[in-house]
Structure formats: C-alpha cells, structure tokens
Amino acid sequence: MDKKLKIIGKSTSKLDGNDRVSGRSVYGHDIELPNMLYAKILRSKYTCAKIKYIDCSKALALEGVEYILTAKNLDVNMIGYKRDHPILKGETVNCQRDEIAAVAATSREIAAKAVSLIKVEYEEIKGIYDPFEALKTEARKINLNGQGEEKFGNKNIAESFEYSHGELKSMKKLSKVIVSRRYQFPRVTHCCMGTSNITADYSIIDGKLTLYSSTQVPFLYQRDMAHALKMEPSKIRIIQPIIGGGFGSKLDMLPFEPICALLSIKTGKPVQLLYSREEEFIASPTRQAMVIDLTSGVDEKGKFTFREVQITMDNGAYTSWGATTPFVMMQAYSSLYQIAACKFQADAVYTNNPNAGSFRGYGNPQATFSIERNIDLMAEELGLGKDEIRLLNANFPGEITGQGLLFKTCGAKPALLKVIEESNYKMKNREKQSGRYRRGVGLASMLHVGGGAKIYRSDGCGTRLKLDHYGFLTIITGSSEIGQGSETVLAMIACEELGIPLTHIKVINSDTDVKPWDVGVHASRTSFVAGNSLLGAISIIKQKLNSKAAQLMGCKNSDFVYENGFIKACEKEVKIDKVVREMHFGNPNKLCVAEYFFEPTSSFQDKDFKGDVSGNYAFASQVAEVEVDTYTGKVNVINMYVSQDVGRVLNPMGLQGQIEGGLATGLGYALTEEMIYEDGYLTNPSFHEYKLLTAMDMPEVHFYPIETMDEAGPYGSKGAGEAPLIPTAAAIANAVSNALGVEFLSVPLTPEKVLKALSEKNNHKTANSQIL
Amino acid sequence: MNFEIESPLNKEELLKTLSNLQSKKFRFGAGFTDLLIEFKKFNPVETTVINLAQLKDEEFCSIRNDSGEIQIGSLVKLAQICKDTYIKDNFPVLHQAANALASGQIREVATVGGNICQASPSGDLSCALVSLKANCEILNIDGKIRNQAISEFFKGPGKTSLQKNEILKSISIPINHSKNLKSGYIKIGKRSAMECSIVSLAYHFQLEKNGKVKHAGIAIGAVGPTIIFCQETVDFLLKQNINNIDEVLKLKIASMIQNASSPIDDARASAWYRHQVLYNVAKSLFE
Ligand SMILES: Cc1cc2nc3c(=O)[nH]c(=O)nc-3n(C[C@H](O)[C@H](O)[C@H](O)COP(=O)(O)OP(=O)(O)OC[C@H]3O[C@@H](n4cnc5c(N)ncnc54)[C@H](O)[C@@H]3O)c2cc1C
C-alpha cells in the first residue's frame, strides 16, 4: 500500500458532471417511446375504509383512455418485504396512499381527468394512527395479510427484533448513574429532486418487459417484479436512466411500479408514470417514525455499563425494508462505544399511516440521537466531561464487540480527538451563556457498516472489463450510480491500475441484461464492494496483458508498470492498445476481457444477530456549534466539525460532497423537517410547508478525514455515504441543550419547540424562586 | 390547468383588454409566483389571464423619485427594489423586506403589485409598505386614478378594495423629512430563505437630531387577518425621545405592539408562539 498513487486521493470531477449541469443527462422523466401512454393513479380518499364499489364506466368512456386497472380480475402476488401489500386495493384501504385504480391514456391531462371520473364508494372505518393504540388487545387488525399474531403474539406487529449480550442485571448494579428517557422521532422524507418515475415497455410479441426504473437495487427489483407479476425474472429487463436522487427511497419496489408494468402488459404499449411533487410527498417512502425508550448506565469511573432499549416503530399500513432498520440500530446500541451489556427489543407496528421505507442512515440517526443524548445526561450527572466520558469509552482497533463486530481498524478515538480539538470543545462547552443569543457546542459519534452489510444471501458485486483495440476501457459493473459518485471512483481505480486516462474509460452500469449481478446501492457499500470487484477484474486482465506485453517486449517476470497508455518493463515500453490488438490478431487470438465477482468476507449473522456483518466499520464524530436566539427560539448552526474514519480518501471532492450533502439532511432532521399528519393525512405535502433547509442555512463545514487504511477496502477505504448525517441531529441537540440548559426529547428542534422549552424553564424558575 | 391569456403591451391595450373583459372572469398575472400556485390548487374555470409581464409602461415599470414622494410601479420586480440604492439608504425597511422575500430566483420575477394585491397577512413587502404609510395609485378603465392608503386597501386575507374595473398602477411613499433614521424589517421563519413569515415587524422612525421621534410607522404581519398598522404604539412613540427609552418603556412598547396583534394557530406556528415572538422582537427594537 505504500506505492505512490497517481490519481487515487486527488480530487476528480464527477464523470457525468458536465452532462448533469448542461441538461444532457436523461432522467426517467425525459424518456419518450413511440406510442407511449401516460398513467395516473387514483388513491384513496380515506385512510381507513371498506371499498363498497368502484365504477370506472364514466372514465372509460372518455376519449383517449386506453385502460383502467383495478384489483378486479388481477392475477398478481402481493409485494413488500413481508408480502403484505396488495398492488391495488379492492376491498379495504389502509392509508392515504392506497392505490385503487390506475388509468393509461394518450395524454397526462386525459389520464388525470379520467382519474377524477372514477367513482368509488367507501364505508369509512375509524383508523388507528398511534402504534401504541394498535398494540392494544382490543385494537382492530390493521393489515389483514399481517402475520403478527402467529409470529409475534400481536396481530398488529409487522416485524420484531430481539437482541442481547452481557450480564444486564449485574451491570445495572455496578452503575453509579442510570438515565432513562423516551425519545420521539417524526416521519421525514428524502425529497429527491427527481420525483418517482417509471416507464414500462411490454412486447406482446416476445412477452418481454423492459422497465426504465430508478430502482437502487435492480437485481432484487427484477426478482420482486417477477414475483409480483408472476413472470419469469429473465424476461424482465431493468434499465436505470440517470437517477435524480435515491437516499434509500428506491430500495423497495412500490405499487406504482408493477401498476405501470401491468398497464403496459394490458395495452401492449409503453406506459409512463411520473409522480407530481405532491404525490411524491404523499406516496413515496419516509424515514421510520419511532419512539425509543432508552435506559443506559455508567459506573463511578465513567465506564459505560449497559444499555436497555425498547423501540416502537410506526410501520404504517404495509411492511417495507424499512422494518429491518432495527438490524442497524442494534449495532449502534450494542457496539457504539464499549458496552458491557445490552438488551434490545424493537417492534414495527402496523398503523393507518403511510408505510415507511428506508432512508440514508437506516435507523441509525434515531438510535444515535438517543444514545448520545443519554451520554450527555450521564456525564452531567456524574460530573465528568462530555468529551472525557466519550474518549474513555471509545471503540478501539482490535475490539470485538458484544455483538461480534470485529474492528480490525478503528478511527473512533482519533475522530473524537480531532473534533474536540478543532472545535475547541472543552473551552466552549464550559462557557456560561447569557443574553439574547446563546452559544453552545454538542458532541456526538456514530458507528456504521463500512464494508457492505450482509443482509441478503450475497453482498457481492460482479465486474466485466473490456479493453478495446484503441486503448479504451469499458467497465461493466453490477453496481448502480445514484449520484454518490461511485462511477467516478471506479474509473479512477481503473486509471490508477491500468494507466488509462479517465477520458478513455467508460462505465456501464444501467442495464440488467448487460451487467453482472450486484445486490444494490445501499449500506454505503458501492465504492467498497464494486471497487474490490473491479480490482479483482483488473488483476485478471493485467495477467493477460502482462504475458502478451512480456512477449512483445521480449522480457519475462518483470515488474510491469502501467502508465499513460503504456505498459513498461525492463526499460522498454509498449502501447496498451497495441498489446490488445496483438492478443486479438495474433496468439492467443483472444479479446482482452475479464470478469470477476467479489463477495465480501463478512458473515451472515446468526439468529441471535451475532456475527461480523460487514467487511469493515466506519466511525465518525461531529461537533455542532450553535447560536440560539432566545427571543425567537431559532437555532443557527454556525459550525459543524466533522471527522470520519473513511479508511482512505479515494476522491476528496466526491467525499466532501457526501459529507456536505449528508450534513444538509442531518441538519434538516435536527431543525425543521417533519411530515405532519392528521389522522393519517399528510398536511404539508409541498416544499412550501415541508421545511427542507436551503443553501442559506448551511453552516461552515470543517471536515477532517481519518485514514485508518483498512485492508479490506480498495486502497484501504471504507464506506462513507451514510455516516455524515447519522450523528448530526444528536450533536445539534446536545449543542442546543448546552446553550440553553434545557432538554429535548424529540426532533425537529423548531423555533417554537425551543421557545416553549425555554419558557417552561423560566416559569419553573420563577415558580421555584417563589417557593423559596 | 387551462386558461386564455391576453398580453397587453402598453397602457392603452391594457385598458382596452380590461374593458373587454368586464363581463367575464379574468385575473391579472404579473410575476405569477402566487397566481400559478393558486391555479394549481383551484383549477381556473373559463378564466382569462391578463398577463402584465410584457407591459411596457414607465409608470407601471419604474421607480421614480420626484415631487416629494417616491413612486414605485406595480410591475417593479423585487430584485429592482433590492438593487435600488436610494431605497436602501432612505428606506432600509423596504430594502430589507424585499431582500427577505423568497429567494434570489423568485425576486427576479415577483412584483411589488403582486405582493400587495395578493393581500397576504404575511406579505413581506406589503408589511414594509404599511409601516411607510404608502399610498396606492389605482387606475380604472376610464384612465382615472383613485388614491387610497395601503392599510385601507387591504380588506382581509386575500381581499383588497380593488374593483373589477381597476388595476393597481403604482404606489407612492412620502420622502423622509429627516436623515436621522431608525428603520428595519424583522422576519421570523424556520429557515433563512424561501420562507413565509410566521411573524414580521416593520418599523420606520424619523428622528430629530436630539433623538425625538418626528415621524413613525410600525406594521406587524402574520398576526392578524391583514397587516396591522400599530397606531397606538406610533402615537405613543411620537411623544418619546429614542435615546430615553429605558427598560420599563421598552417593555411597555413591546406590550403595546403585542396587544395590537390577534394571531391564530395554523400549520406554520401556534398563536402562542406568534404572540410570544412578537413581544420578544418588539422588545429588541430598543436594545
Ligand atoms: C417559493 C415562493 C416563496 C415565496 N416567498 C415569499 C416571501 O418570503 N414573502 C412574501 O411576501 N411572498 C412570498 N411569496 C409570494 C410571492 O412571490 C409574492 O407575493 C410576490 O410578490 C407576488 O408577485 P407576483 O408578481 O408573482 O404576483 P402574481 O402571482 O402575478 O399575482 C399575485 C396576485 O396579485 C394580482 N395582481 C398582480 N399584479 C396586479 C396589479 N398590478 N394589479 C392588480 N392585481 C394584481 C394577481 O391577479 C394575483 O391575484 C413566495 C412565493 C413563492 C412561489
């Protein structure tokens, strides 16, 4: 690893950057196929009701309407992680987004008009919107396809996780301070700039279905789609146009996708379905809303003793991958800092709210918030520095955690030390604040998988390489690009290894008929897994090139150097394209291609969730410095100090983008973003009322990468995509508490919430002083 | 959404279009930043839009400064207000309000007239104009001008005194009598841009050399059905010297401003919050 690198570690613009900013990129919304129809979905009027009848006759009579799909006469399977979600609802509706009918018409306007002409009669039922209500014995069974009763002893539990390690009882006894708090988290959503979209093109001639889809998991999607439609998977081809943002929202296949496919199958014509922004808010996934009851302890020396946590997640009406977020959360509870004992229980509970999904961070922002708030409270009560207590308990290299995670490399302590020093945390944390504007600092850390996560039977990725007669390299990778910049990193790796300039490298990653298998883009895994896979393929292609080059240059067993389009050895050189041509036209008469499949060494966890689930682990710490206006309650984040163990920096510019983008999401989660529901109806489905922060709200970002050179990752790197948003809300809440001396048990910390907390504190004070 | 569109190019064409449409349903559109949102929500039926964006007319489109007042055409864009140095120096309240509105992109198209005629209780520019006691210059189809004080022009949320045969041509603001100013705009929202005011406070005080308040205007937004001119507070302030406002007076003034408000709960904030914050920022006026 000490060889000098030419391009790895140097800021490199995104390969598709110019196309993106000049408008050349083709998004799903830009696709136009001959004779294409436009689809629109009729969604439920009620969040909980029986459907008495659906009358499409008026809509069908409208000129330009080609087909209307309802649950009637549909021979399909249910979808979703638990297969509890009917594609179209024919008997009952369970949430605001429920799909009742879908129209395909010759224009968007006609489709919209037709939807308005469909008559549905409902019998409204009182819905259940609070998971704790849903858990009561007298509650109605919400999802009739749920198997909670059989599996988890409660009809409204969709999924449940239990985990424990260590001696909880004795660790409780050992504790000097024990802190218990209940934390609450709302639904927030991804706000992808490109709304959900799909174009389906079914051929009645050969029965093949082509889907232009922005899925993050094309091969799982192909399988899910085939299952839903009762088709052969291989007859389904997924093409991923440029994706206008994923952030986890495209991990699940949602009903609109098979609906669009079915409309194409029924009409024999291409059909396109695009969400409006309002529909995107109403009917695309959200982060899990949840209530976390966390009790944690610390002994008199400041060593953490135990964590005991009970999580109740609002699953919504159907179950998505999001129900498996406890899988990630339990890693935080069991292994973020050294923890002797941990008991974890999480239930995803059906309600008549929209179904949640997966979102960058995957439960970890919520878990980290609770852990890091409790740590501040314990430190205060124990009289120990909030930085000291964290350093004392920080994870360390070589640690095998109670859950069995092995930290071969670990930048936890260096990251903590870095942000503590750079932010001047010690000094600022102690400054007494008064006056209108009060400053505070808050510290929080996180642990996340850094080398993929084995949650499916394979966590691998395939690569094919093709070096052409002119020295251009095509990388065909199973992995997907959703804007995170992995495509660019792959090209950089090939450039580094083969000495081929970036301009001569193409990355093909958007067609399941062409690309080899990959599990998908999630878990911060792509650069790690696809990078390793590419390195494997490169080593195979190099063997072929080396042997031909050796022959051409008349030298053996030499160190071959790849540089500027040449292969160099024994003081001679030969152009790489010449080697390719000689391989083809001369002996061995072969094309210069290679194929490799990389499967990380991580293991599938056992039924108790123990095991080393990832190829490596990422650590990060952040310090937020805030200024709170005590007149308005507005929190102004001035500085964010971010230090993250990324293993090694591959593309500094790309990494900075991930850090800043992640922070923007974390800041919104901390301060303003919230989907507000009334009886299951979203009341703020627009950017006007859903307060996504703007560029004007961004603080100064001070980023300090920690390079631990983990040998599992390409050049020592680790996954980095999710980490930057995970501890942000926790750090900000800690900072606001530090500034004001009040506690917050939920996000977002809106001006109103902050002002209310302040005024309660003041009332309390005056009340107390009156007593005195 | 479907509508007819007429785009008059000059004042004559405008008045003609307006006369022709008297028996029909029509709407003016200037920057369209409010109108299109409304149309999206409530699909327009058999409506003609009189598109003002192509109208070339000095009185509608420019900022003029003569005869003891400053006149701002209704089609002047917010960005023009932001760039105008005379306004910046003499009417900081107006400059700051324009700058606080939406975002750079929106300000390039949104107009002064649109903000006023939208008659939103949270309209930023409108709030500043109320504190400046601006006068609305309203043109009718006969080419006649009707003048009306802006606080009387507003009749309720989304309602103005504008008749069907009228259009807002421009507004005028009396020039300052003193160079000694205390003027500014305070906007409270959750984020730093693209934000509708949860509470706003506009103030413009002209002072004598010794600090005595000579002329004053205070307006509060988003805390009642229309933007409110705080007459009682202004009357009180006119007897004061700005340098002598002590802690007790400061709180008294803040209470007076707060008492002028009648906020409600809505999705953006509770009445409690609005009430509280108004008091707090009013306090800050004299800190
Ligand atoms: C993203 C976004 C953010 C926003 N943020 C803010 C904000 O921070 N603060 C704020 O105050 N506003 C805000 N607005 C609202 C809007 O931008 C302003 O009210 C703007 O000034 C309206 O001007 P316009 O020219 O676009 O009006 P239009 O939409 O063209 O018209 C608005 C109304 O006025 C009528 N009208 C227009 N001109 C005339 C005229 N000359 N005579 C008679 N009637 C007329 C129209 O018929 C219509 O009813 C925002 C809007 C958007 C879309």
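Reader: Why does A:Glu133 count as partly exposed?

Author: The relative accessibility of A:Glu133 is 37%. Buried means under 20% relative accessible area, exposed means over 50%, and partly exposed lies in between (1.4 Å probe, protein chains only). At 37%, A:Glu133 is therefore partly exposed.

Author: A word on the basis. This is a predicted model, in which local features need pLDDT of at least 70 and side-chain atom pairs count only at pLDDT 80 or more, while totals for chains, interfaces and linings use all residues. Residues are numbered from 1 along each chain as its sequence is written, chains are lettered from A and ligands numbered from 1 in the order in which they are written, and side-chain values use heavy atoms, with hydrogens and water left out.

Reader: What makes the meeting of A:Lys136 and A:Glu133 a salt bridge?

Author: A salt bridge is a side-chain nitrogen of Lys or Arg within 4 Å of a carboxyl oxygen of Asp or Glu. For A:Lys136 and A:Glu133, N to O is 3.0 Å. Over all chains, the structure holds 53 salt bridges.

Reader: How do you know that A:Asp513 and A:Arg237 meet in a salt bridge?

Author: Their N to O distance is 3.5 Å. Relative accessible areas are 49% for A:Asp513 and 29% for A:Arg237. Both residues are partly exposed.

Reader: Which parts of chain A does A:Lys428 link with A:Glu625?

Author: A:Lys428 forms a salt bridge with A:Glu625, with the closest N and O atoms 3.2 Å apart. A:Lys428 is in helix 14 (residues 425-430) and A:Glu625 in strand 24 (residues 617-629) of chain A. The two residues are 197 residues apart, so the pair links distant parts of the chain. Helices (H or I, at least four residues) and strands (E, at least two) are DSSP runs, numbered from the N terminus. A:Glu625 has 5% relative accessibility, so this residue is buried.

Reader: Why is A:Ser296 called buried?

Author: Its relative accessibility is 3%, which is under 20%, so A:Ser296 is buried. A:Ser296 lies in strand 13 (residues 289-298) of chain A. Leaving aside neighbours within four places in sequence, A:Ser296 has contacts including A:Val177, A:Phe306 and A:Met378. Contact means heavy atoms within 4.5 Å.

Reader: What makes the link between the side chains of A:Ser296 and A:Asn374 a polar contact?

Author: The distance is 2.9 Å. A polar contact is a pair of N or O atoms within 3.5 Å; within protein, one must be able to donate a hydrogen and the other to accept it, and residues adjacent in sequence count only if both atoms are side-chain atoms. At 2.9 Å, the pair passes the distance test.

Reader: Is A:Glu63 buried or exposed?

Author: A:Glu63 has 73% relative accessibility, which is over 50%, so this residue is exposed. A:Glu63 lies in the loop between helix 2 (57-61) and strand 3 (65-70) of chain A.

Reader: How do you know that strand 13 of chain B pairs with strand 14 of chain B?

Author: Two strands pair if DSSP finds at least two bridges between them. Here 2 bridges join strand 13 (residues 213-221) to strand 14, so these strands of chain B pair. They run antiparallel. In strand 14, B:Ile228 is the bridge partner of B:Ile220.

Reader: Why do strand 11 and strand 14 of chain B stand at the edges?

Author: The open sheet has 4 strands of chain B in the order 11-12-13-14. Strand 11 (180-188) and strand 14 (228-229) each have a single partner strand, so one side of each lacks a neighbour in the sheet.

Reader: Which residues come nearest to the ligand?

Author: They are B:Phe28, B:Thr33, B:Asp34, B:Thr111 and B:Asp124, of the 33 residues around the ligand. A residue is near a molecule or strand if one of its heavy atoms lies within 4 Å of it. A polar side-chain atom of B:Thr33 lies 2.6 Å from an oxygen atom of the ligand. For B:Asp34, a polar side-chain atom also lies 2.6 Å from an oxygen atom of the ligand. A backbone N or O atom of B:Leu168 lies 3.1 Å from a nitrogen atom of the ligand.
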